[in-house]
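Colleague: Could you show me how to read the aromatic rings in a model of this kind, taking the general idea and then the case at hand?

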Amino acid sequence: MDVKSLYSWLLLAGITVSGSLSAAPFNPTVLGFEAPPKEGMFGDMLGLRHRLEDSGLQFNLGYLSQIATNMHGGADTRRKVAYIDQFAFTFTQDLSTLTGIPGAVIEGNIVNRNHNSNLATQRLQASSVPMTDLAQESWGGQSITRLGWFTAGRSFFDNQLFWRIGLMNKVQVFDQGIPCDFQILSLCGGKSAYSMTWNNWNVHTWGTSAEWKFTPELAVKVALMEQNPQAASRAHAWSVSTQHSKGVILPVEVEWRPLVNQLPGIYNLGVSWTNAEQTHLARGVNQYWGASDPQGYAKTHNSYYLWAGANQQVTKHADDPLRGISLSASLGIGDKKTLRLPFVSSVSARYRGPFSLRPNDWLGLGVSYVKVGKWANKDQLQMQEIAGGQSSLDYWPTGSSAINTELFYRLQVTPWFQLQPSVQYWHNPGAISETDDAWVLGLKTVVTF
């Protein structure tokens, strides 16, 4: 079969499958994408929310906290209760009624993060190795209020094409097939952030993107975004400057949202390329090893990163279509020369409404796997040689792999208040086999105002 015949066959098959499966509406609730409550803790806000919605403003104001405490094992067995929290304000303003421009919107996100208590680096893993994972995924490294994104967008061709431009974040467009509901970072959403060239959630850079829907199920996304290694710094929290930019990121992603046996699924495959300068993990500028080179580590260009994800609902209760089980998997693959973790992956299962008396509760189980690259280990060996074992502080272990597991139960106390206790098991914290496996208890709280 030649390429043209194969393409024609796939197109015909896609049309046939789409037509046969499109009788039921696409509802991603059981996939983990539960819509926020229509009214939060403050209700209609004395009619203010209703009036704002009439003028085209849709918004969500929420609070999140994450607590983690080490129960056993880890690099430091002293008990610690680590706590972080954040307030997030996200909005979309429909401009069509105000400007007459069809499909025009403004999107924004502001996040206030507080406290800087990180159980993973302070107790679970050795301090001499880079951070591998987080027991509190929303930890941001500082207490700060920052702009996550502020963009203008517009749809064209009967909503087949959506284009946006402005101060962007990747979560507006890419790698959004798996929700961020676990408290372990490597189980939170997709894996594209492990490229280390762009940021999740509340960090903005300049960019523009376009999403073209070939069919209601199949979309292609592309963007051109600034690559700025200082984007997450405090100085850049509200900046509109491109100072410290090193290049551009060109991501491309294909997303497919089919109905399989009348049940929704989200599948995506993406790749990003950047011309920005990256630091080699081991090679030096003038010497073979960067650890002993007075000029430091060598630089590389033209880095790529590949990510993929799948999230499929597999069961549905006959008496309630919003109760059921979904299964998901994701992976990320990058350059071993510049990434300490060139391979990351995870699998997870979610069950919405596991008990008839609690139809809005959730049960989740996830397992993640990360592997340290060979160049990162070569650099650690050089650091060991340079240190020469002169003291107990000269501990530069090589990495292997790490497996982290989390089990959570989310209790929907009210439509606007959630409590999510969890148990985490860390195998090889920091991807160091010499570090004792650790048990962690977590508690996530979500309030929608």
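Modeller: In this predicted model, the charged end of Lys378 sits over the ring of Trp375, 4.2 Å from its centre. Lys170 likewise lies over the face of Trp198, at 5.7 Å from the ring centre.

Colleague: How many aromatic pairs does the structure hold, and how is a pair of rings described?

Modeller: A pair of aromatic rings is described by the distance of the centres together with the angle of the planes. The structure holds 18 aromatic pairs, among them the edge-to-face pair of Phe157 and Trp212, with 5.9 Å centre to centre and 65° between the planes. Because Phe157 lies in the loop between S4 and strand S5, whereas Trp212 belongs to strand S6, this pair ties together parts that are 55 residues apart in sequence. Phe157 is exposed, at a relative accessible area of 52%, while Trp212 counts as partly exposed at 26%.

Colleague: Why is the pair of Trp198 and Trp307 called tilted?

Modeller: The centres of the Trp198 and Trp307 rings are 5.9 Å apart and their planes stand at 55°, so the pair is tilted; planes have to be over 60 degrees apart to count as edge-to-face. Trp198 lies in the loop between S5 and S6 and Trp307 in strand S13, so parts 109 residues apart in sequence are tied together. Trp198 is buried, with 7% relative accessible area, and Trp307 is buried too, with 0%.

Colleague: Which residues have the most contacts inside the largest nonpolar core?

Modeller: That core has 18 residues, and those with the most contacts inside it are Phe174, Trp198, Tyr305, Leu341 and Val344.

Definitions and conventions
Residues numbered from 1 in each chain as written. Predicted model: local features only at pLDDT ≥ 70, side-chain atom pairs only at ≥ 80, totals over all residues. Heavy atoms only, no water. Core = buried A, V, L, I, M, F, W, Y, C linked by side-chain atoms within 4.5 Å. Buried < 20%, exposed > 50% of the residue type's maximum accessible area, 1.4 Å probe, protein only. Phe/Tyr/Trp six-rings, centres within 6.5 Å; stacked < 30°, edge-to-face > 60°. Helix = DSSP H or I, 4+ residues; strand = E, 2+ residues; numbered from the N terminus. Lys NZ or Arg CZ within 6 Å of the ring centre and 35° of its normal.
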